[in-house]
Amino acid sequence: MLTNEMIAMLQAGRKNGWLMEPEAKRLFAAAGLPVPRFAWAGDQQESLQCAAGIGYPLVAKVVSPAVVHKSEVGGVAVGIADNRQLREFYEKVSGLAGFAGLLLEEMVAGTELIVGAKIDYQFGPVMLLGIGGTSVEIYGDVSIRMPPLTSEDVYSMLQELKGGQLLSGYRGKEAISKEKLVRVLVAFAGLAQDMAPYIESIDLNPLLCSGKDCIIADARIMLGEVFVKTGGADPSFAG
Amino acid sequence: MNLSSLFSPQSVAVIGVSASNDRHPANVIFSKNLLRYPVRTYAVNVKGGFLDGEQVFTSVAAIPDSIDLAVIAVRAEYVPAVLAECIDGAVKSAIIISGGFAEAGHEELQASLVKLAAGAGFPFVGPNCLGIYSPGVVDTFFLPAERMVQPAAGDVAVVSQSGGILVDLLVKFAREGVGISSAISIGNKAYIRELQLLEFLDADPRTGVIVFYVEGFSRNEGRAFVQRAAKCRKPVIVLKAGKTSEGSRAVSSHTASLAGDYRVFASVLAQHGIIEARNELELVSFCEALSCYPDTVIKGRVGIISGSGGHGAMAVDVCVGGGLAVPRFSEAVQQSLRNKLSENIRTIASVANPVDLTGSAVENDFIAAVEAFCQIPDIDSILLLMLPYLPGISSDLGARLSKVYRRHGKPLIAYVPHIEKYRMLIEGFELNRVPVASSIESAVLMTHVLRRCRLC
């Protein structure tokens, strides 16, 4: 069940048609899904204050309703080490169209996975797990299911991935925590079903998984046409 | 809603027969049911008169009999009135053959039919369809009997959005010896849709395997269908057309571009234990195998017997390529197998799996080899590549080998070239419920599907 707070967050996204990363992360945090420690700073002064709170090194990303693909416009900086570098990054991106501040967050390490949900015309909400990163669309190594999901379903999805071995400690690399991944995916599947009347798609790309944790490093929620236009949930997917 | 009067009517009214056009769909349907099916068949046309010496009634109400099924073939604009008459006249169900509804842009006319039917809980199939063909029971296809290729009565039910594909599938089923319980063309599927038919066929004692040819579900419709199919006690097979029309919208989402329409379709089917046939060869092969072995679920270890090394080698390639295993037998198993063969091939046969009995094998060698395979725990099914032209075997071998299956219960799948000359050999298998493929590829597909089928 979505809380009133979460529905209000979705309502706030209607003016842009989607939820920008800090908005999406607030919603996921409210739903109990793991996100990094983050802050959304409006100007340079606030950015420096927030950075002090999170601590260097950190990740900085541009926030703008006009920028859907942040890295394509140089809007992401990983490993910012001090105030000087943060100021430089701020200067660089503050001129981008629709600039609405910086997202600052703690650095997270892990193997890149993609987790997503979309509204399929024939089946309603469906979800996907894939070996992520920038090459995800080239390899297309994904597994698709219709929620709800059980933990057995998540294990069968992992089995279906051609690169599944990469997650189990291939060549000395740390194996990811399957238990954490199961927990995130089962919870996300439930959330995707609850959000179905409001959304068109959700990307968690990447979801960073290590031996200890699975954390949503980037997220975007595209809202559904009916919801954006009318503000009401799409009755086809309600219940 | 009770669909049984659609599938097993005792009485049929064909509405819209023509006095002047013998090729009119209604005339064809009237005549074939009157002459060939055990149903009381009545012709209806507002003008009355006689058709082929039989009285034509002016309305369904004028028929002095209770009507289980009305077949409606009047022009689209008259269909709502005729449907209302059927409902008022306590007819139990209808098939609307007529076109000229949603497929021609007349959505409102179609919606008016649904409204009438829903208000009365009155089941109808169509419009814009061929309706139902059930061997020996009823046939509303408007194709003259002499033009149709009709499979034998059997236990495969086929539901199709396309009438043309359905009739073509029947040709393939007849050729491959797949028997059907019913074939249903649902056309525009305005009211009775896949889900209701799935429910009916799951409970239908004549049906053992349920097949759907699907072009697409309407918005959100697939969800309830797959969830119901997952609970189905019988194997459900789906052939999907339109695999390549991937959605290109929503490029801003990775998920949307990775999870294209067909990929979602195939994944969701598999998730719910529904068997997807990717093409017609798969469909026909799956149907034949599951019709013979509906309750059999096996692992993928195959034992292969042939009278030619080449056939064995080809079959191994296809098996392994499809994810099946062909385990090599241990020395002890090989020795015991060799001892059961006749003397003239004992030293020349290969017995490691695939087993090549050679062209000098006689009938009893095939029996002995299949008997032996039934006792080998390392294999789950037997693939028998029959070369009917070998001098040592007769047409009786099919029936004899089927008895071996009956005794042991290990699934046996045969390949025999499908030509008239070998018909008796093929029937010896098929009439005793052992599937026979017309190619090695098809035989391997039959093996494959037994592994994918869920426990009932």
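This is a predicted model: local features need pLDDT of at least 70, side-chain atom pairs count only at pLDDT 80 or more; totals for chains, interfaces and linings use all residues.
Two strands count as paired if DSSP finds at least two bridges between them. Helices (H or I, at least four residues) and strands (E, at least two) are themselves DSSP runs, numbered from the N terminus. With that in hand, look at chain B, where five strands form an open sheet in the order 16-15-17-18-19, with parallel pairing. Strand 16 (355-356) and strand 19 (436-437) of chain B stand at the edges with a single partner strand each, so one side of each has no neighbour in the sheet.

Residues are numbered from 1 along each chain as its sequence is written, and chains are lettered from A and ligands numbered from 1 in the order in which they are written.

Now let us take in chain B as a whole. Chain B has 17 helices and 19 strands, and its C-alpha trace spans about 80 × 65 × 30 Å along its principal axes. Of its 456 residues, 49% are buried, where buried stands for 20 or more other C-beta atoms within 10 Å of a residue's own, exposed for 12 or fewer, and partly exposed for anything in between, with C-beta atoms placed from the backbone. Contacts are defined from C-beta atoms placed in that way too: two residues are in contact if these atoms lie within 7 Å. Among the contacts in chain B with a separation of 6 or more, 73% are between residues 24 or more positions apart.

Four bridges tie strand 5 (residues 69-72) of chain B to strand 6 of chain B in parallel, and Ala70(B) stands opposite Ala94(B). Between these two strands the chain crosses through helix 3 (residues 79-88) of chain B, and this β-α-β crossover is right-handed; that is, with the strands pointing away from the viewer, the path from the first strand over the helix to the second runs clockwise.

Strand 6 of chain B also has strand 7 (residues 124-125) of chain B as a parallel partner, through two bridges. Ala94(B) stands opposite Phe124(B) in that pairing.

Which backbone details deserve a look? Most residues other than glycine have a negative phi, and most peptide bonds are trans. In chain B, a cis peptide bond joins Gly126(B) and Pro127(B), with omega about 0 degrees, and Pro127(B) lies in the loop between strand 7 and strand 8 (131-134) of chain B. Asp52(B), which is not a glycine, has a positive phi of about 50 degrees. Asp52(B) sits in the loop between strand 3 (50-51) and strand 4 (54-57) of chain B, and counts as partly exposed because it has 13 C-beta neighbours inside 10 Å. Lys189(B) also has a positive phi, near 40 degrees, but counts as buried because it has 23 C-beta neighbours inside 10 Å.

Chain A has a mean pLDDT of 93, with 99% of its residues at 70 or more; pLDDT is the predictor's confidence in each residue, from 0 to 100. In strand 5 (residues 102-106) of chain A, four of the five residues are buried, so this strand is largely enclosed by the rest of the structure. Four bridges join strand 2 (residues 38-41) of chain A to strand 5 of chain A, running antiparallel, and Phe38(A) has Glu105(A) as its bridge partner. Strand 3 (residues 58-62) of chain A is joined to strand 5 of chain A by five bridges, again antiparallel.

Finally, the two chains meet: 28 residues of chain A are in contact with 22 residues of chain B.
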